[in-house]
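Good morning, and thank you for joining the group meeting.

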Amino acid sequence: MKARFLISRFDLQLDTTPRLQEYSVDVPKGSTVLECLNIIKWTQDGTLTFRMSCRSAICGSCAMRLNGHAKLACKTQLSDVLIDGAVTVEPLGNFKVIKDLVVDMEPFWASLKRVKPWLKPDESVEYERERLQSIEGYKKIEDASTCILCASCYSDCNVLSVDERFLGPATLAKAQRFVYDSRDCDAEERLEYLGGANGVWDCTHCAECSTRCPTDAKPLERITELKAASMAHRIHGNNGARHVLAFRESIPGKYPGTGGGMINENYIPLRSVGIFNISGLLDLIPVGLRMFMRGKQPPMMPHYIKKFPEIRKMFSRFKEYLK
Amino acid sequence: MTHDVVIVGAGLAGLNAAIQLAGKVDVAIVTKVYPSRSHSGAAQGGVAAAVANLESDDTPELHMYDTIKGSDYLGDQDAIEIMVNEAPETVIEMERLGCVFSRDEEGRIAQRAFGGHSRKRSCYAADRTGHSLLHALFEQSMKHDANLTVYSEYFLLSLIYKEGVARGVVMMNILTGDIEVIRAKAVLFATGGYGRAFEITSNAFANTGDGIVAAYRQGIPLQDMECVQFHPTGLYGVGILVSEAARGEGGYLLNGKGERFMEKYAPSKMELAPRDIVSRSEQTEINEGRGINGENYVHIDLRHLGRETILERLPQIRQLGIDFLGIDCIEEPLPIQPTAHYSMGGIPVNHDCQVVVDQSGTPARGFFSAGECACVSVHGANRLGTNSLLEALVFGKRAGKAILKYVQSAEFEDVNENEEIANARKSLDDLLSSASTESANEIRTSLKETMMWKCGVFRDKEKLEQALETVLELSARYKNIRIADKGKVFNTELQEALELGNLLEFSEVIVRGALAREESRGAHFRTDFPKRDDEQWMKHTLAYKGPDGSLQFKYKPVIITRYQPEERKY
Amino acid sequence: MEDASCCGAGVVQEDNPKLGDALNARTFSLAEEQGLDIVTICSTCQGVMRRAQIKCENDPDYRAELNEDLMEDTGRAYQGTVKVKHFYEMIVEDFGLDNLAGKVTRKLTGLNIAPYYGCYALRPHEFSDVKIPDRPTALEETIEAVGATVVTWPEMQKCCGFPILMANKHNSLHLAGNVVEGAKKQGAACIMTACPLCHLNLDSYQPEIEKTFAMDLNLPILHYPQMLALALGATPEELKLDTHIVQAGNLLENLSSS
């Protein structure tokens, strides 16, 4: 089968911007994209450069963008990505390109180290044997433990595209693996850090990470779990957590006028910023004013649904559901 | 650059050694990939240890006997005894460092059956045990960040070894193309195996025996290189591994007639006979026309295990089948064939992982080796599944401890850095400036085919002589290969050419060793000498590269302590 | 459905996943009671509800667990039969674009519309009903059906930033700005979004975005139903397009006379 490859070429020493080079290849049926890249490198153009190693989707070397989305080249059947007989191959996003499909991975590794990704057990207990962990306990960390650090999620993360300080999906998934590890004693301190600047609340849940993830690590799911753990540990001192509290209070109408089965759209921002946070509140004024002037503001009082008592009953199970 | 210790390779052995040393001496790790990309991570099924969680009557002694028998009596029994005795504490230590293990009902490390083991002693993390262990150690390496310098994406060019003392390494910074020297009091090679010389292989592209060849070129012998394990279940055509766990969990091997053919070859152990036996059985079925549709493969059938077991215990295997062959093993059997998998041979070392240079065990000062690139020898002529992760962990740790002791009293020896760099630069420039037109790809392809089909599962004198001729011819052609990429930055074409040079160099050692060993033992099977010959060949091969480039063999006896050789029956 | 509650917007789910799913199971049970499927004009609601629905579908034990409490609290249970659709999916799949085109009274000819998918309609793929979620076509097809011109741009499937508006306003607005700027560069006369929350971030904050990031935007944002209504003859006044922060009332002036 003939296939066309539009491959991003770039050499730090020669180019200022990447350019697409087209290769036409006769590929055997059932070829993976990595096999095709090797055919090109070995038979057409030895200068084409990319990383690879295990070619069985466990080492994480060959992540790259195929038709604009991060994938492992070794795990992707060419036939699955061909559009009109062609595929576009580019380096991972959110990284500086070094050469062709090779990017500078250093920021990725540096981010990982920020969450102290190692077990902090209770050292005071002497064990002769392994620490026990229930099968349930294992299941809580199993998904995160399948991460291969391929950086596909980092590449396509929307937040990282505007803020390189964000811890990023893989790092947060790694953090989940320790926060939820029954053997780790540091959940509280970890969650304090993760709840701070550049942490879990900066994730915009665009779900690119989980969608691009080639394993079960699915970072968005892990980030959501971290947020839940953070709330359960009552780490509330930030807008993200307060925003969640606002929902927790608004839907069951905890205070008069805060909501009635539906949220009160005026309460949410005020509560999220913090009722005593003067500068934060002032910051809300311009947009509020603009909307008011145009008549776009939401009604001041919430909409009460008729069967509102049902919602209250359900919210009374809040603590029961956390167990 | 100077470090007390330089470790080449960041898989289980290298990292476990580094962790023993971090914070105590100045230690550096050199790896041509990033640590988490190391091929230890691809190991699927488990790590053997008689922790006796599943079968309470398991003991290190039983593990020892199984390993010796599995090795077809070429394993050194004193080394094996050390490994099996230290196995339980080593695995438990990994758990305590944070490794994620599957658990049994009581919360202990889960275990399962594995080929050649008389008890269910494979400790596992689903079917990604190597990945789990590797990441636990990688995490620890980050914990020791301040005391551990990691040179990621540096390619080993040579070992600096003079007057019986290792003094450091010469390497290429892959990012910049610069040649750099690390001087060290001690050098540890943990560079992994050499399976890349074979057409069908489970090995990563990185497994090109770089450390083994660097040692060999300095006159250090290589031991038992002819012993290459072919794993019975490589995905057809690509060689990617279907873990032995698939058979451990109860998978059947079926030939073209739908028969469980292992009945004929190992009636009691069936599919869970050791790998060498199963691979030969498969290849026999194929050679005698009983492959699937008469083709070059048989089937592994997992369907009877049921969806739930497959999803819970073999999820990665299922995914591999789907991704690489488009086959879901819940619905259909997977086509498989023997795949070059594990390198039993390597750099000879003593129990402290110090490299030994002759038959009497004279150590090379300051030079250590551990893991798959070393030959201690615990696997002899055939490794049992789940013993490789174990070896890497146990001997990685022992290497770390021995090095710590060694460097207390060792000094930095003289190194002429400029000369080392100039020599390396010249050989790279020669390669780059070659005006010839030989294609590296053609040479590599031809080498891999030759090694697979003339020096593979079944060998004989005629095929091996043809193989030797081909390897020598390819080596001559290699001198004139053409490299299109003349750039310095991330020149992977140059790197692949250097790796090809390594493949050619050790392939000759494998073929000549196989030609010399006129018997069949473990994974080395000569159809013209189908019996094991303990009288003549109960000994280790030592291959030396002479100053003139010629290859010489010496032999040293196998260490037998407790179990006298007997016929292997499964 | 008068008694449907807030879906939790993914926020309740961050606090208490089971409670979030229970809220939606309750809504589903209400729909079942009336023998109806659910349609929403909001991608977030659609994404959050579909996730709850698929979780129940894949794990009957979980659904049973939710139902036990639901029965006690509301006297109803979720039988697992509800379909959740976005309004645009209903138009494209059920109503039919030919049908729609036939009802258009004001062809939006010459109007360059940039279709904006955002996130939840497409991702995670396992919760998306779109056949090839990386290459959706429904919004483009609708634009063509009402006679307008499709403008594509790199950010059409990127996040609008709304979910972090409270947590990290700067990043939120930066994301929104990139989306709007990208469409503008490709010559769009407006962006048409499938989600009111995207609409909120892209429209209400444009003046602030322009100031903070020195971008020149001023690009009207239409919500999918608004675009349909225009094509079906509604006036901008009826649609209150003048209440938008970026004036959308004069969009019809751009129509070609053809």
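In strand 17 of chain B, Phe189(B) has Ser369(B) as its bridge partner. A word on conventions before I continue: this is a predicted model, in which local features need pLDDT of at least 70 and side-chain atom pairs count only at pLDDT 80 or more, while totals for chains, interfaces and linings use all residues. Residues are numbered from 1 along each chain as its sequence is written, chains are lettered from A and ligands numbered from 1 in the order in which they are written, and side-chain values use heavy atoms, with hydrogens and water left out.

Let me return to that bridge. Strand 9 of chain B and strand 17 (residues 363-369) of chain B pair in the parallel sense over 3 bridges. Here, helices (H or I, at least four residues) and strands (E, at least two) are DSSP runs numbered from the N terminus, and two strands pair if DSSP finds at least two bridges between them.

Is strand 9 of chain B mostly covered or mostly exposed? Strand 9 (residues 179-189) is mostly covered, with 10 of its 11 residues buried. Buried means under 20% relative accessible area, exposed means over 50%, and partly exposed lies in between, using a 1.4 Å probe and protein chains only.

His299(B) is buried, at a relative accessible area of 18%. Leaving aside neighbours within four places in sequence, its contacts (heavy atoms within 4.5 Å) include Tyr252(B), Leu253(B), Leu254(B) and Ile292(B). Pro333(B), Leu334(B), Pro335(B) and Ile336(B) are also in contact with His299(B).

**Chain A**

I turn now to chain A, which has 14 helices and 7 strands. Its C-alpha trace spans about 75 × 70 × 40 Å along the principal axes. Of its 323 residues, 63% count as buried. Among contacts in chain A with a separation of 6 or more, 62% come from residues 24 or more positions apart.

The chain exposes about 13400 Å², and carbon and sulfur atoms supply 55% of that area. Accessible areas come from the Shrake-Rupley method with a 1.4 Å probe; for residues, only the protein chains shown count as cover. Chain A carries 45 positive and 39 negative side chains, and the centres of the two sets lie 5 Å apart. In this count Lys and Arg are positive and Asp and Glu negative, while His and the chain ends are not counted; each charge is placed at NZ of Lys, CZ of Arg, CG of Asp or CD of Glu.

As a local example, Ser230(A) lies in helix 9 (residues 219-232) of chain A. Ser230(A) is buried, with a relative accessible area of 1%. Setting aside neighbours within four places in sequence, Ser230(A) is in contact with Leu191(A), Trp201(A) and Ile235(A).

**Chain C**

Finally, chain C has 11 helices and 6 strands. How does its radius of gyration relate to that of a compact globule? For 258 residues such a globule would have a radius near 18 Å, and the 19 Å of chain C agrees with this; the radius is taken over C-alpha atoms, and the globule rule is 2.2 Å times the number of residues to the power 0.38. The C-alpha atoms fill a box of roughly 60 × 45 × 35 Å along the principal axes.

Of the residues of chain C, 63% count as buried. Chain C has 21 positive and 36 negative side chains, with the centres of the two sets 4 Å apart.

Chain C contains an open sheet of 4 strands in the order 4-3-5-6, with parallel pairing. Its edge strands are strand 4 (149-150) and strand 6 (221-223), each pairing on one side only. Strand 3 (residues 112-116) and strand 4 of chain C pair in the parallel sense over 2 bridges, and Ile113(C) stands opposite Val150(C) in strand 4. Strand 3 of chain C is largely enclosed by the rest of the structure, because 4 of its 5 residues are buried.
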